[in-house]
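Here are a few friendly notes to read beside the model. Take them one at a time and find each spot on the structure as you go.

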Amino acid sequence: MDSDLISKLAEHPNICGVKLTCGNVGKLTRIALAVAEPNFYELHPRKQKEAPFLVLGGFVDFLVASTFVNAHGAITGLANVAPVRLEL
């Protein structure tokens, strides 16, 4: 799917987010900017107002880029290679 289609789908109140595993930082940027528009949620209210449309990368490489374009983070497989339970 291209960024225009995903941005259009983001307008639906029941769709909660997108995880991009294509490696295209430009696409991530375009979608994050579309949902960060000041009036996006006013024009397209969410079913759950406290749950915004999430834009997530699928690679660790996306973390720095997503920070700069106000995306929400990443869901990565690498984080599950050797999970460790920390005792506090």
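1. In the protein chain, 59% of the contacts with a separation of 6 or more join residues 24 or more positions apart; contact means heavy atoms within 4.5 Å. This is a predicted model, where local features need pLDDT of at least 70, side-chain atom pairs count only at pLDDT 80 or more, and totals for chains, interfaces and linings use all residues. Residues are numbered from 1 along each chain as its sequence is written, and side-chain values use heavy atoms, with hydrogens and water left out.

2. The protein chain has four helices and three strands, in the order α-β-α-α-β-α-β. Helices (H or I, at least four residues) and strands (E, at least two) are DSSP runs numbered from the N terminus.

3. Of the 88 residues in the protein chain, 28% are buried. Buried means under 20% relative accessible area, exposed means over 50%, and partly exposed lies in between (1.4 Å probe, protein chains only).

4. Which residues touch the most other members of the largest nonpolar core? They are Val18, Leu20, Leu28, Ile31, Phe53 and Val55, out of 14 residues. Strand 1 (17–20) and helix 2 (25–35) each supply at least two residues of this core, and helix 2 gives the most, with four. A nonpolar core is a set of buried Ala, Val, Leu, Ile, Met, Phe, Trp, Tyr and Cys residues joined through side-chain atoms within 4.5 Å.

5. Take Val18 as an example: beyond its neighbours within four places in sequence, Val18 contacts Ile6, Ile31, Phe53, Leu54, Val55 and Leu56.

6. Leu9 sits in helix 1 (residues 3–9). Leu9 counts as partly exposed because its relative accessibility is 34%.
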